[in-house]
Amino acid sequence: MLPVKKEPIEFRTLEQIQARKEQLLSELQQDNTKFSTLWRQTFIKRDESTKGEFVSSMIAHSVTAIDIFLVVRKLMKNYGSLFGKKSSPVKKKKH
């Protein structure tokens, strides 16, 4: 979507320029406050409050890791040639 162009604001006096400057400064401060709050929330380390929560998070992470390992193993087995692994030669049956 194309940006909408706004009509430029015409300032006729120094007071109008100063008022606009103060308005923009307050908007910037509000945006900065919102941004810094979101930034802090993103990188807050969440501590497990009990041993039970710690154990449950460890189990969840372990299950996820095992699941990823099994998926990668299955993909490598079925599509190994796509990932650069040489396909194994087919064994000939003796009659």
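**View 1. The side chain of Ser57 reaches the backbone of Phe54.** A polar atom of the Ser57 side chain lies 2.8 Å from the backbone oxygen of Phe54. A polar contact is a pair of N or O atoms within 3.5 Å; within protein, one must be able to donate a hydrogen and the other to accept it, and residues adjacent in sequence count only if both atoms are side-chain atoms. This is a predicted model: local features need pLDDT of at least 70, side-chain atom pairs count only at pLDDT 80 or more, and totals for chains, interfaces and linings use all residues. Residues are numbered from 1 along each chain as its sequence is written, and side-chain values use heavy atoms, with hydrogens and water left out. Ser57 lies in helix α2 (residues 51–79). Phe54 lies in helix α2 too. Helices (H or I, at least four residues) and strands (E, at least two) are DSSP runs, numbered from the N terminus. Ser57 has a relative accessible area of 18%, so it is buried. Phe54, at 44%, counts as partly exposed. Buried means under 20% relative accessible area, exposed over 50%, and partly exposed in between (1.4 Å probe, protein chains only).

**View 2. Phe35 and Trp39 form an aromatic pair.** A search of the whole structure finds one such pair. The ring centres of Phe35 and Trp39 are 6.0 Å apart and the planes are at 25°, so the pair is stacked. Rings of Phe, Tyr and Trp (its six-membered ring) pair if their centres lie within 6.5 Å; planes under 30 degrees apart count as stacked, over 60 as edge-to-face and the rest as tilted. Phe35 and Trp39 are four residues apart in helix α1 (residues 14–42), so about one helical turn separates them. Both Phe35 and Trp39 are exposed.

**View 3. Arg12 and Glu10 meet in a salt bridge.** The structure holds one salt bridge. Its N to O distance is 3.7 Å. A salt bridge is a side-chain nitrogen of Lys or Arg within 4 Å of a carboxyl oxygen of Asp or Glu. Arg12 is exposed at 71% relative accessible area, and Glu10 is exposed at 60%.
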